[in-house]
Amino acid sequence: MSYIPTTDAERQRMLAEIGVKSVDDLFAEIPSAARLRQPLNLPAGCSEAEVFSHLKTLAAQNADLDTYACFMGGGVYDHLIPAALTDIVSRNEFVTAYTPYQPEVSQGVLQSIYEFQSLICLLTQMDVANASVYDGASACAEAALLACNQTRRGTILMAEGLHPEYRAVVQTYLEQQDLKTVIVPMQNGTINIEALSDLLTSEVAGVIVQHPNFFGNLEAVYDIGKAVHAAGAIYIACVDPISLGVLAPPGAYDADIAVGDGQSLGNQPSFGGPSFGFMAVKEALLRRLPGRIAGETIDHSGRRGFVLTLQTREQHIRRERAASNICTNQALNALCATVYLSLLGKQGLAAVANQCLQKAHYAQKQLCALPGWRAAFSQASFYQEFTLECDHDIDAVNQRLLEHKIIGGLPLARFDQRYANLALFCVTEARTRSEIDRLVDVLRTL
Amino acid sequence: MITREVPLIFTAGAPGRTGYMPPASDVQEESVDTLIPAAYLRDEAPPLPELSELEVVRHFINLSRLNHAVDVGFYPLGSCTMKYNPKVNEAAAALPGFARIHPYQPEESVQGALAMMWHLGRYLCEISGLHAASLQPAAGAQGELAGLMVIKAYHEAQGAGQQRREVIVPDSAHGTNPASAAMCGYKVITVPSDSQGGMDLEALQAAVGPATAGLMLTNPNTLGLFDANIVEIARIVHEAGGLLYYDGANANAILGISRPGEMGFDVVHFNLHKTFSTPHGGGGPGAGPIVVCKELEPFLPVPVVVKKADDTYALDYDRPQSVGRVRSFYGNFGVLVRAYTYIRRLGPDGLKQVSETAVLHANYLLSKLKPYFDLPYDRVCMHEFVLSGKRQKAKGVRTLDIAKRMLDFGIHAPTVYFPLIVDEALMIEPTETETLETLDAFVEVMTTIAREVEENPEVVKEAPHHTPVGRLDETRAARQPNLRWRPS
Amino acid sequence: MYPVELRYTKEHEWVKVEDGNKVRVGITDFAQSELGDVVFVELPDLDLEVETGDNLAVVESVKAVSDIYAPISGIVAEVNDKLSDSPELVNQDPYGQGWIAILEIQDASQIGALLTAEQYEAYIEESK
């Protein structure tokens with residue numbers, strides 16, 4: 001039983017219609033050298049009950065965030081997810097539809113994409129957005145390629161404060177086309193603006209700055225923008241969408257491209273995926289935007305409707321000269337964001353963003369008061385994440401915290417040995433004061 | 001399906017309304033501008049919608065009712081493998097132990113997740129007949145890019161990176177193939193198909209040489225035909241020093257029957273959202289893991305899930321020859337859980353039945369429809385086949401019209417105008433999960449439309465008639481782009 | 001319809017000799033009807049120097065992209081900015097308001113190598 005409805009009798013009827021004796025005859029064109037002689041060496045199939053039981057066993061070997069209080073961020077955040085969201089996005093007509101190739105029977109997907117694009121524009125204060133890309137990292141990479149194509153220059157500067165994994169992805173993408181990436185070093189937790197000025201030569205196509213940056217700190221986004229534009233380069237801001245409930249949007253500091261990861265907008269952490277990357281640009285860059293874009297139009301009788309539009313940018317038409325090879329977007333994850341922003345609305349988003357800010361500052365103050373713990377970048381302002389320097393072995397500390405059902409701060413040594421002794425903590429609205437106090441209490445007993 | 005228009009979310013609701021609020025904060029509230037300098041703050045809250053929970057629910061449920069979906073009706077969209085997505089896969093992915101884990105948790109606290117990934121990698125190796133897997137690519141197109149990067153890194157390690165600058169693709173290839181090759185910095189060489197719809201061996205022989213980095217091929221190809229010359233094709237490319245890339249878009253035809261490894265391929269990507277039945281989500285998320293031969297293993301993206309001597313699982317970052325990262329974290333993990341569940345549920349026998357039945361269903365439809373439509377390549381097909389609407393075009397009805405007319409019967413249209421080498425192409429993929437009744441009903445619809453083309457072409461040319469909106473003006477959408485709502 | 005005062009290329013462009021050393025370039029009626037509704041024209045930068053056969057502009061319909069090649073070597077002296085807002089002019093008036101660019105040419109002898117209306121018409125007929 002493999003979800004196959006075809007009975008033996010039906011199989012015989014079909015074979016007779018085709019005019020062959022057996023199903024095997026249908027594969028006669030496959031040369032014997034390419035035929036598999038033995039069955040696949042895989043575990044035998046089993047019933048639904050058995051397979052689910054097996055999956056439950058595997059799942060039970062993981063420390064989940066329903067059971068553990070999570071103080072880890074670094075690109076994936078434990079925010080509260082409304083019950084109504086989970087219900088809506090499980091709707092079969094969303095889950096089991098495909099890319100809206102036939103718009104007349106895909107208006108639900110298309111309108112939701114149009115609403116998504118609008119919401120991203122409202123949040124970021126940019127002109128236009130696409131229907132999403134894979135994740136924040138590939139959004140940065142696509143933005144970097146866009147900048148190189150637009151300016152016909154070959155170097156991208158990345159702030160050291162850009163997520164190390166995003167930096168790695170940008171580098172992987174760019175080096176295929178012999179484009180260069182250069183890191184702008186950090187000073188006291190934020191971009192070294194003098195170093196940036198020195199690096200901003202006429203070769204630089206674009207600059208990617210994350211704000212708040214990977215270490216949690218706010219960057220001097222206005223000054224950076226002026227420097228980048230003075231050099232004729234494209235200003236790419238990578239932002240946390242929820243932070244835009246309180247922080248100035250990329251449009252306010254004149255970013256040309258706003259990107260980021262959308263996991264925090266109603267998507268589960270899910271071990272890092274799937275989520276989605278968003279990408280919004282100034283009008284002038286619209287024709288270079290990769291991926292799907294939905295647009296409004298009318299039908300023959302004047303009724304409003306939506307279609308995928310400006311498709312000549314895409315691979316199925318332009319092939320090797322397309323803006324990108326990206327085909328599908330991350331529609332269902334983007335839908336989570338659309339529903340999330342619709343449910344929270346103007347007040348809800350502001351409340352969540354403010355609460356992340358407040359709770360993170362409360363926690364930071366408590367933690368910095370502990371012996372052996374101090375702020376790594378005491379001058380910098382932060383939002384919901386902060387970096388602490390610690391005299392203890394951070395991995396050992398986190399082992400200890402696990403015993404207390406707490407997932408501790410992110411040990412930054414995993415990204416760079418220069419960050420040894422640094423731990424990045426994250427406190428969202430989902431953490432309660434008692435959880436924060438419990439974290440502080442356990443660390444105090446070390 | 002409802003037929004009334006759903007107002008934009010921005011035009012509903014009322015100021016002051018909200019559908020969700022976090023619990024009241026239980027920490028001492030500080031004034032925001034004491035925490036963050038005022039220059040960094042937003043002047044005013046973004047003008048997001050203001051609706052009650054019920055309003056939001058109704059909005060999206062009503063939108064959902066405007067969609068066709070696999071769970072609603074037949075979806076014979078060629079090349080997309082719109083098979084049924086079993087619900088147990090969803091239940092598994094939603095378990096807190098999978099959905100609610102953080103990617104940077106200590107490895108010992110995610111052993112179940114890593115074990116699942118390691119095993120899924122092994123299963124994909126077995127199914128493809130290759131050696132090592134990376135689950136990181138987020139979609140088929142990203143798998144193509146990652147696979148080509150691996151090929152490139154291999155040639156560079158051989159000292160041939162500068163010479164081998166070309167990737168060959170057949171003219172029947174998916175658009176992503178040449179786009180991925182270009183994105184990987186390669187020059188694309190297009191090779192024509194032969195009269196049987198396969199790769200033209202002479203043209204291939206002429207195209208390969210010291211500049212060849214690799215060949216990208218789908219087999220069965222986008223015509224739904226198995227290229228019987230595959231072993232010879234592999235020999236030609238390998239002898240020229242190139243590698244073979246298998247676009248796994250059509251892998252639903254070959255599970256347990258033939259493997260890319262034995263065909264001679266060196267790199268494969270699978271579309272888990274096609275072959276392994278993870279839902280398409282209205283256009284993602286998918287997953288495009290790659291599997292490579294032994295020689296290419298050192299170049300796989302980092303990190304790779306490994307099994308250690310003590311039978312625990314870990315993420316290995318120490319791979320100096322790796323191409324690097326193509327995605328943050330470890331890929332579309334939630335999609336991997338679903339595909340793993342599917343493979344475990346079906347096992348080797350079930351997977352083989354999938355392909356056997358998919359091919360049987362396609363040939364049945366082909367046989368039934370052959371009298372009514374032109375068939376550019378009259379051969380046994382694999383899991384899909386391509387008809388041509390040439391005969392109908394002569395009557396003034398285009399394939400696009402036929403596709404739109406099908407929507408009136410509650411069926412999604414096949415893939416149209418692809419592959420590019422077939423005039424007025426209609427690419428039909430029924431999949432294994434549809435019943436014979438559905439297939440027969442589809443034949444009935446297609447023959448009805450073929451008759452309408454003869455007797456009443458206007459009804460086809462003006463279709464669809466029974467969908468929430470009629471044929472939409474794509475020219476207008478592109479000439480005067482309206483891509484977002486703006487507050488007035 | 002192939003106006004006799006124009007010269008043509010096998011890539012379906014037309015060339016009109018203006019006063020002095022300038023030529024006006026556009027796409028033919030045949031080309032616009034093959035492309036369908038034009039939705040976007042990517043115009044070249046002013047002062048761009050092109051050789052015969054170089055990419056000059058890109059004309060896009062909803063589902064197709066077509067390169068426009070320079071029919072003659074020259075420097076881009078003027079572009080039809082009206083096409084930015086009204087790409088449909090290429091369909092409506094291909095030989096008039098739908099022109100794409102004006103090139104300043106050095107070598108007027110290249111014009112002689114282009115097809116006459118009669119030759120272009122014959123070319124279309126034989127490639128049908």
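Chain B carries 16 helices and 12 strands. Both kinds of element are DSSP runs numbered from the N terminus: helices are H or I with at least four residues, strands are E with at least two. The radius of gyration of chain B is 25 Å, close to the 23 Å from the globule rule for 488 residues, so chain B is as compact as a globular protein of that length. That radius is taken over C-alpha atoms, and the rule is 2.2 Å times the number of residues to the power 0.38.

This is a predicted model, in which local features need pLDDT of at least 70 and side-chain atom pairs count only at pLDDT 80 or more, while totals for chains, interfaces and linings use all residues. Residues are numbered from 1 along each chain as its sequence is written, and chains are lettered from A and ligands numbered from 1 in the order in which they are written.

Stay with chain B. Its C-alpha trace spans about 75 × 65 × 45 Å along the principal axes. Of its 488 residues, 61% count as buried (20 or more other C-beta atoms within 10 Å of the residue's own, with C-beta atoms placed from the backbone). Now take contacts in chain B between residues at least 6 apart in sequence: 72% of them join residues at least 24 apart. A contact here means that the C-beta atoms of two residues, placed from the backbone, lie within 7 Å.

Next, the partner chains. Chain A puts 170 residues in contact with 174 residues of chain B. On the chain A side, α11(A) gives the most, with 24 residues. By class, that side divides into 85 nonpolar, 57 polar and 28 charged residues. Nonpolar covers Ala, Val, Leu, Ile, Met, Phe, Trp, Tyr, Cys and Pro; charged covers Asp, Glu, Lys and Arg; the others, Gly among them, are polar.

Chain C also touches chain A, through 4 residues on each side. The chain C side has 2 nonpolar, no polar and 2 charged residues.

Finally, look inside chain A. The contact between them takes 26 residues from domain 1 and 24 residues from domain 2. On the domain 1 side, α11 (331-368) and β14 (385-390) of chain A are the elements that give two or more residues.

Notes:
A residue is buried if 20 or more other C-beta atoms lie within 10 Å of its own, exposed if 12 or fewer, and partly exposed in between; C-beta atoms are placed from the backbone.
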